[in-house]
Amino acid sequence: MAKDKKMKNDKSQQVSTPPSGIRIIFREILRDKAALTAFCIVIAILLVCFVGSLFLNKAQVTEINIAESYYAWGENGHLLGTDEGGRDILQLLIMGGRNSIMIGISVTLISMVVGLIVGIFAGYYGGVIDAIIMRIVDFIQIMPSFPILIVLATVTPNYNAYTLVGMISLFGWTSSARYYRSFVLAQRGREYVMASKTSGSSDLQIMFREVLPNISSMIIIDLVLGIAGNIGVETGLSFIGYGLPITTPSLGTLIGYATDPVNVTTRPWLWLPAALLLLVISLSINYVGRALQKAGDARQREN
């Protein structure tokens, strides 16, 4: 009898164990039909842009052919028409979408890693260290980042996609640092942190082995929403001519055709597909981010 009772208690303890963060995230996405649809749309866009670009040659896509300039939708075999140089808009859209998404992902990863490290140190130690770090973060955040990025793009020699990623990342990590700091401040007084200190674990072990897994759902949320925001930053810079070089397709350079009133009124195929793609990407990622936010809240309740 005692053995059976013990087995029942063990089973009840197993049943009451909170589900993992990944399981909660997928559960919330499956519950939210809009988020599930948005997730499928994001996956489809990624497949089209990244797999489709494997079958395209950049030199051929950007090759000038004046004889085929300004074909409208569907003319002469060009599904989305051509631009003033006879370049196929659909091919430019695929490569431009890939480039913009890659820059958004790269900037987000760099900003997230730097912000995560800074935020964990500031939140864990608190006191004077936290105050110094946060004042530096405040100073960077109040700087006019967009005009500074334009100046840097103008004066930087050998300007390319890598330098653009580095420049955007200079300002992108501060919001992540403040975001993670707030969660670490809430975690550092928990019992498991005190127990780790008592057992003789080092500060680095506690921060990255104990605290970090407990904010993993927040990291995923920041990663997803950060990608949408950084795609928008790259698109904005490329739209005004200070993003990717003119020879490199991006959503911003394609939307930049809308600066010409003639293109807006008579040649919508030049800029409208890129604008719609950017809108769909942003809305879809935000819907997924909303579901992730719910998942993070649900995990906090279940923990």
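Biologist: Among contacts in the protein chain between residues at least 6 apart in sequence, what percentage join residues at least 24 apart?

Modeller: First, the ground rules: this is a predicted model, where local features need pLDDT of at least 70, side-chain atom pairs count only at pLDDT 80 or more, and totals for chains, interfaces and linings use all residues. Residues are numbered from 1 along each chain as its sequence is written, and side-chain values use heavy atoms, with hydrogens and water left out. Contact means heavy atoms within 4.5 Å. Among contacts between residues at least 6 apart, the share joining residues at least 24 apart is 71%.

Biologist: How many helices and strands does the protein chain have?

Modeller: Both are DSSP runs, numbered from the N terminus: helices are H or I with at least four residues, strands are E with at least two. Read along the sequence, the pattern is α-α-α-α-α-α-α-α-α-α-α-α-α-α. The count is 14 helices and zero strands.

Biologist: Is Arg87 buried or exposed?

Modeller: Arg87 sits in the loop between helix H4 (58–61) and helix H5 (89–125). Buried means under 20% relative accessible area, exposed over 50%, partly exposed in between (1.4 Å probe, protein chains only). Arg87 has 15%, so it is buried.

Biologist: With which side chain does the side chain of Arg87 make a polar contact?

Modeller: A polar contact is a pair of N or O atoms within 3.5 Å; within protein, one must be able to donate a hydrogen and the other to accept it, and residues adjacent in sequence count only if both atoms are side-chain atoms. Here the distance is 2.8 Å, and the partner is Asp83.

Biologist: Leaving aside neighbours within four places in sequence, which tyrosine is in contact with Arg87?

Modeller: The contacts of Arg87 include Val61, Glu63 and Leu92. The list also holds the tyrosine, Tyr257.

Biologist: How many disulfides does a search of the whole structure find?

Modeller: A disulfide is a pair of cysteine sulfur atoms within 2.5 Å. Cys40 is partly exposed at 46% relative accessibility, while Cys49 is buried at 3%. The number of disulfides found is zero.

Biologist: Which residues does Asp130 touch, not counting those up to four places away in sequence?

Modeller: Asp130 belongs to helix H6 (residues 127–141). Its relative accessible area is 9%, so Asp130 is buried. It touches Ala122 and Arg181.
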